[in-house]
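Open the model in your viewer and keep the selection panel at hand. The stops below go from the whole chain down to single residues.

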Amino acid sequence: MFEKVFKLSENGTNVKTEVIAGLTTFMTMAYIIALNPNLLTGFGAAGQELWNGVFLATCIASAIGMFCMAFLANKPFAMAPGMGLNSFFAVVVGNIVAMTGMSYVASFQAALIIILVEGIVFIVLSIFNVREKIVEAIPLGIRLGISPAIGLMLMNIGLGSNVGIYAEGNGFAAPFYVMRDFFGALTPSVLKANMGDVGYTTMILTVVTMFVGLFAIIAMAKKGVKGAVLFGMLIASVIYWAGSFVFLGTNPFASLAAASFVPPFGDMVSTTLFKFNFAGFVEIGWFTVITLVITFCIIDMFDTIGTLVGTASRAGLVDENGSMPNMKEALLSDAIGTVVGSCTGTSTVTTFVESASGVEAGGRTGLTALVTGILFLACMFLAPVAAIIPAAATSAALIYVGVLMLQGLKKVDFDDLDQMVPVALMLIGMPVSGSIGHAIGIGLISYTVMKLFGGKAKEVSVLTYAISLLFLVKFFLAV
């Protein structure tokens, strides 16, 4: 059955490989299941009654998006509410509260209509191939640079924000970054003074776990072990759990004892499921609404395009022109996920860059996405289990995949400034800004400007000019 539906042999894979790849992708992105409701409800009491609804919406919308990716596009890409987009959505909700005086819940329900409109716009654009034309308008050199730029962003996530350590009461007001804090100029005494003994010990355990997991993955990959990324994450998890017992005196499984495994569907029905606040939406103002829809569309479109092109390039799923077959279906799946997300109660659903971990584990077809989607649904019942996977284990996988994606740089012609400069700017822009879409925008603007001043204006397509202008407006007018 799987062979017929997903064409496994034709894509050089098998059921075992695809299942391992799906599980690997799930483990690297499972953090979003708890983090997304935390972000969207403001980490506080104002939106706490929304938490259960957003949690279930995250699982359901992500799974449906991945099922569409599996059966419509037959691609191994996973989806979930996008990082960055969810933070922006939370800021928008806060602004609506300030503008209208509505409660956080009412403002949240009004803002969901913006996401619904965005999703519908993307469905229309996908059906009429507009989004696909935008992909084709991206110059080949920039397309070649997307994958390694994503690699650097993954490494930055793995070595930084993914292992954020906060020591409350010790004046440590920023997340811990491995390359800045542990391997930086700060001495152990200074770090202990800022983080406290527990924070410092946690930092050491995190670093050890991460690098043991990383080199375990590398060692197994060099030996040709299938599922090296997944097994490396499991090894790293065991080390972290053991270290927590021995050095921190904590039980990493303690949360399981009091955890509830019954999905809170009642809370979802009462707070987020089709709870669109149209009256509140009108109060926002049409100019603000149009501006927000355009902003969400720009960020989501180029984040998705960048992830699809970059990850597909790494997997060998693109042709000689850098184009991916079934791009239309993949983009449509993303749009459907966003519409479902708005109806169930979460922000924009987009293709996740962590899909690269499953691709590296051998995932080549929609079966990988199907497995990941099923696991997301299972998390409605098993969320406490997913929560005990340490961030350090996930970081090991992200760093390894990020390093591998740098191999794409060999395809870039560094003797051609028109290729080299946009790629270089994307390489620094993506990890620093944390946005795939913004980095692509910087690359497109620089490419267009260089062609103009180089007397090669006719080599730039009309659509590329339009997209570059749109990004200029967004960047400088803060649209």
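Begin with the whole chain selected. Of the contacts in the protein chain with a separation of 6 or more, 79% are between residues 24 or more positions apart; contact means heavy atoms within 4.5 Å. This is a predicted model, in which local features need pLDDT of at least 70 and side-chain atom pairs count only at pLDDT 80 or more, while totals for chains, interfaces and linings use all residues. Residues are numbered from 1 along each chain as its sequence is written, and side-chain values use heavy atoms, with hydrogens and water left out.

**Whole chain**

Switch to a cartoon view. The protein chain has 22 helices and 2 strands; these are DSSP runs (H or I over at least four residues for helices, E over at least two for strands), numbered from the N terminus. Along the principal axes, the C-alpha atoms fill a box of roughly 65 × 60 × 55 Å.

Now show the surface. The protein chain exposes about 19200 Å², and carbon and sulfur atoms supply 69% of that area. Accessible areas come from the Shrake-Rupley method with a 1.4 Å probe, and for residues only the protein chains shown count as cover. Of the 479 residues, 55% are buried. Buried means under 20% relative accessible area, exposed means over 50%, and partly exposed is in between (1.4 Å probe, protein chains only).

Colour by charge next. The protein chain has 22 positive and 25 negative charges, and their mean positions are 7 Å apart. Lys and Arg count as positive and Asp and Glu as negative, without His and the chain ends; each charge is placed at NZ of Lys, CZ of Arg, CG of Asp or CD of Glu.

Select residues 327-344, helix α16. The end C-alpha atoms of this helix are 26 Å apart, which agrees with the 26 Å that its 18 residues should span at 1.5 Å a residue. The expected span is 1.5 Å times one less than the number of residues. Helix α16 is mostly covered, with 14 of its 18 residues buried. Step past its end to Gly-345, where phi is positive, near 125°.

Move to residues 417-433, helix α20. Its 17 residues should span 24 Å, and the 23 Å between its end C-alpha atoms agrees. Buried residues in α20 include Asp-418, Pro-422, Met-426 and Gly-429. Which helices are included in what covers the buried residues of α20? Select α8 (140-159) and α21 (436-453) to see them.

Select residues 188-222, helix α10, and pick out Thr-209. Thr-209 counts as buried because its relative accessibility is 0%. Leaving out residues up to four places away in sequence, Thr-209 touches Ala-236, Ile-239, Tyr-240, Ala-392 and Ala-393.

Asp-197 is also in α10. Is Asp-197 buried or exposed? Asp-197 is exposed, with a relative accessible area of 56%. For a distance check, draw a line from Asp-197 to Ile-146: they are 51 residues apart in sequence and 41 Å apart in space, C-alpha to C-alpha.

Now go to Leu-248 in helix α11 (residues 228-248). At 24% relative accessibility, Leu-248 is partly exposed. Among the residues it touches, beyond four places in sequence, are Val-198, Thr-201 and Leu-205. Leu-248 also touches Thr-202, which is 46 residues away in sequence and 7.4 Å away in space, C-alpha to C-alpha.

**Helix α5**

Select Ile-96 in helix α5 (residues 85-100). Ile-96 is buried, at 0% relative accessibility. Ile-96 and Gly-280 are 184 residues apart in sequence, yet 9.0 Å apart from C-alpha to C-alpha.

**Two loop asparagines**

Select Asn-74, in the loop between α4 (51-73) and β1 (79-81). Its phi is positive, near 55°, in a residue other than glycine. Asn-74 is buried, with a relative accessible area of 15%.

Finish at Asn-129, in the loop between α6 (104-127) and α7 (130-137). Asn-129 is not a glycine, but its phi is positive, about 65°. At 29% relative accessibility, Asn-129 is partly exposed.
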